[in-house]
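Please study the sequence and the three-dimensional structure shown below. Exercises with worked solutions follow them.

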Amino acid sequence: MSEETLIKGCIEKNKRCQETLYKQYYADMLRVCLRYAKSQEEALDILNRGFLKVFTHIAAYRQSGALGAWIRRIMVNAAIDFYREKSALEKIVPLIVTEDDLQQVFIQPEIYARFSSDDILLLLQSLPTNYRLVFSLYAVEGYSYGEIANVMEIKEATCRWYLMEARKLLQQRMKQLLLLTPQTHNYDQAAAS
Amino acid sequence: MTKPPLHNIDSLFQQKLEELSVGISQQQAQWMALSQAMHPQPTGIRDQLRKPWVKGLYMTIVALVPFGIFYLSNQSQAIESNASTYTPGSVTNSLKLLNKTEPSTQTNEVRMNQQALTKQEIKPASQAAMPTAILNENKSAAVANTQPGKHKDSASTAPAKQEKQITKKADSAYIYWQ
């Protein structure tokens with residue numbers, strides 16, 4: 001089934017077309033939702049909310065960009081709305097953040113190799129909600145400070161502060177994890193190569 | 001020897017998260033939940049009525065209701081000829097109903113019954129005073145007076161003198177009754 005036929009069927013609320021679209025983008029969108037959610041259950045909840053919005057507003061999709069990118073944007077907004085409804089987005093007055101504070105944290109390759117995708121996900125999910133959202137939007141999705149401020153309805157300064165704090169926390173927890181866990185097989189292989 | 005490039009934390013997370021493997025074991029369950037939300041199925045009585053056998057049973061009951069009402073209404077109008085259910089007016093009512101349904105054949109019978117009714121009403125009061133032997137003789141004499149020459153029984157022809165006396169008595173008694 002072509003994408004045009006699929007979209008047309010979804011606009012006509014054809015159940016079969018909706019199911020095909022859902023299953024086609026399920027894995028990718030779940031991966032997106034896991035970055036913003038605190039747990040697997042929350043990620044699945046956000047996923048279905050996002051797809052409900054997709055099927056409701058599919059008629060508004062303009063074929064200027066890829067369908068996947070459009071659905072992804074809806075998923076991100078669904079995640080932010082999810083936490084806004086839960087009143088989990090705390091509004092705090094940040095300290096003044098300088099460019100030095102926002103310097104990138106660099107990691108050695110051997111340390112980089114020791115972390116699997118699941119470890120990285122767990123580290124991300126351990127962050128407070130605001131830190132996690134801002135970090136995911138900036139670092140993973142590639143949103144600018146202005147775009148993040150607009151989506152989350154916060155000031156740009158607040159956005160920068162959240163990003164700084166998120167990087168600090170992640171670095172601390174990665175160090176703790178390295179100290180606590182023994183050297184893994186992956187690390188030995190990476191070190192040998 | 002070139003040093004391997006350092007990875008910043010942002011790119012580390014981006015790369016690792018893109019490589020994250022996601023299980024699809026819950027895909028079908030998730031789709032069913034979403035489908036139910038988008039296309040809700042009716043529940044309760046409506047859901048039951050969707051089943052063909054329930055629908056058939058419901059239509060049968062609806063079709064039989066008028067017949068049931070008709071049957072019950074006819075039952076209440078039925079004639080009650082049971083002796084235990086006798087009431088002074090019930091026989092008359094039944095006779096009236098019979099008159100309505102079969103007027104041509106029942107007129108004589110009605111008159112005879114009415115006469116029998118009137119005689120029955122008078123009889124109990126007078127019968128209490130008269131002995132039963134005389135009553136029986138009076139009955140046979142009354143029959144002979146009403147139908148003269150039609151039939152000659154031994155009972156009516158043999159005791160002629162007694163009959164005369166009885167008839168006289170019967171006549172006087174009959175007149176008295178009248």
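Residues are numbered from 1 along each chain as its sequence is written, chains are lettered from A and ligands numbered from 1 in the order in which they are written, and side-chain values use heavy atoms, with hydrogens and water left out.

**Exercise 1.** Describe the secondary structure and the burial of chain A.

*Solution.* Step 1: helices (H or I, at least four residues) and strands (E, at least two) are DSSP runs, numbered from the N terminus. Step 2: chain A has 10 helices and 1 strand, in the order α-α-α-α-β-α-α-α-α-α-α from the N terminus. Step 3: a residue is buried under 20% relative accessible area, exposed over 50% and partly exposed in between (1.4 Å probe, protein chains only). Of the 193 residues in chain A, 48% are buried.

**Exercise 2.** Determine how many disulfides there are over all chains, and examine A:Cys17.

*Solution.* Step 1: a disulfide is a covalent bond between the sulfur atoms of two cysteines; here the criterion is a pair of cysteine sulfur atoms within 2.5 Å. Step 3: A:Cys17 is in no disulfide, and its nearest cysteine sulfur, that of A:Cys10, is 5.7 Å away. Step 4: A:Cys17 counts as buried because its relative accessibility is 7%.

**Exercise 3.** Locate A:Phe135 and identify its contacts.

*Solution.* Step 1: A:Phe135 belongs to helix α7 (residues 129-140) of chain A. Step 2: its relative accessibility is 0%, so A:Phe135 counts as buried. Step 3: contact means heavy atoms within 4.5 Å. Leaving aside neighbours within four places in sequence, A:Phe135 touches residues of chain A including A:Leu124, A:Leu163 and A:Leu170, and also B:Ile9, B:Asp10 and B:Phe13. Step 4: A:Leu163 is 28 residues from A:Phe135 along the chain, yet their C-alpha atoms are separated by 5.5 Å.

**Exercise 4.** Are A:Lys13 and A:Glu153 buried or exposed?

*Solution.* Step 1: A:Lys13 sits in the loop between α1 (3-11) and α2 (15-36) of chain A, and A:Glu153 in the loop between α8 (145-152) and α9 (156-180). Step 2: A:Lys13 is exposed, at 55% relative accessible area, and A:Glu153 is exposed at 52%. Step 3: neither is a glycine, but phi is positive in both, near 60° for A:Lys13 and about 60° for A:Glu153.

**Exercise 5.** Which helix of chain B gives the most to the nonpolar patch?

*Solution.* Step 1: the patch consists of B:Ile45, B:Leu49, B:Tyr58, B:Met59 and B:Val62. Step 2: α3 (45-49) and α4 (52-76) of chain B each supply at least two of its residues. Step 3: α4(B) gives the most, with 3 residues. Step 4: B:Ile45, which lies in helix α3 of chain B, is exposed at 67% relative accessible area.

**Exercise 6.** What is the average pLDDT of chain A?

*Solution.* Step 1: pLDDT is the predictor's confidence in each residue, from 0 to 100. Step 2: chain A averages 84, and 83% of the residues score at least 70. Step 3: over residues 184-193 of chain A the pLDDT is below 50. Step 4: where pLDDT is low, the predicted coordinates should not be read in detail.

Conventions. This is a predicted model: local features need pLDDT of at least 70, side-chain atom pairs count only at pLDDT 80 or more; totals for chains, interfaces and linings use all residues. Patches are made of residues with over 30% relative accessible area and no salt bridge: like charges are joined within 9 Å, nonpolar side chains (Val, Leu, Ile, Met, Phe, Trp, Tyr) within 5 Å. Accessible areas come from the Shrake-Rupley method with a 1.4 Å probe; for residues, only the protein chains shown count as cover. A salt bridge is a side-chain nitrogen of Lys or Arg within 4 Å of a carboxyl oxygen of Asp or Glu.
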